[in-house]
Amino acid sequence: QVQLVESGGGLVQSGGSLRLSCAASGFTFGVYALSWYRQPPGKERELVATLNHNGGSAEYVDSVKGRFTISRDNGKMMGYLQMDSLKPEDSAVYYCHVGRRGVDGEYNYWGQGTQVTVSS
C-alpha cells in the first residue's frame with residue numbers, strides 16, 4: 001500500500017523555522033522525484049520545491065529561494081523540507097508529492113498534508 005505521511009507542521013512566529021518530514025512506504029521511493037506543494041486558504045495549490053530522484057538537482061519557487069531547503073534520504077525513504085526565516089505568507093497546508101514517468105506509465109502520489117501557520 002502506497003503511503004506518504006507528512007509531519008512537522010505547526011504554529012511558528014515570523015522569522016522562525018520548521019522542518020517538514022515525509023515518510024514514504026509501499027513503493028520504491030528512490031526512483032521518484034520528490035516535491036513539496038502548499039495551498040494557502042482560498043488559493044490554488046502551488047509547487048514550492050522539487051528534488052530529483054537521487055537528490056542531485058533541486059528547484060524552488062522564487063518566493064522561497066534562500067529560505068527553504070528540500071532534501072531526501074532514500075535509504076530511510078524520507079523527504080524533508082527545511083523552512084527558515086518563515087513569513088506569514090508561508091502559512092498553508094503543505095503536501096508531499098512523489099512522481100515519476102516511465103515506459104510503464106506515469107505515477108503520482110500525495111500525502112494528506114500538514115498545516116503550517118506563521119504568526120506575525
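User: Which residue stands opposite S119 in β11?

Analyst: Q13 does. This is a predicted model, where local features need pLDDT of at least 70, side-chain atom pairs count only at pLDDT 80 or more, and totals for chains, interfaces and linings use all residues. Residues are numbered from 1 along each chain as its sequence is written, and side-chain values use heavy atoms, with hydrogens and water left out. Strands are DSSP runs of E, at least two residues, numbered from the N terminus, and two strands pair if DSSP finds at least two bridges between them. Here β2 (residues 10-13) runs parallel to β11, with four bridges.

User: In which sense do β9 and β11 run?

Analyst: Antiparallel, with three bridges joining β9 (residues 92-102) to β11. A92 stands opposite V116 there.

User: How do I read the two faces of a strand?

Analyst: In a regular strand the side chains alternate between the two faces of the sheet. For β11 (residues 114-119), T114, V116 and V118 make up the covered face, and Q115, T117 and S119 the uncovered one.

User: And what describes an aromatic pair?

Analyst: The distance of the ring centres and the angle of the planes. Rings of Phe, Tyr and Trp (its six-membered ring) pair with centres within 6.5 Å; planes under 30 degrees apart are stacked, over 60 edge-to-face, the rest tilted. That rule gives six aromatic pairs. Y95 and W110 form an edge-to-face one, at 6.5 Å and 85 degrees. Y95 lies in β9 and W110 in β10 (residues 105-110), so the pair ties together parts 15 residues apart in sequence.

Technical notes. Buried means under 20% relative accessible area, exposed over 50%, partly exposed in between (1.4 Å probe, protein chains only).
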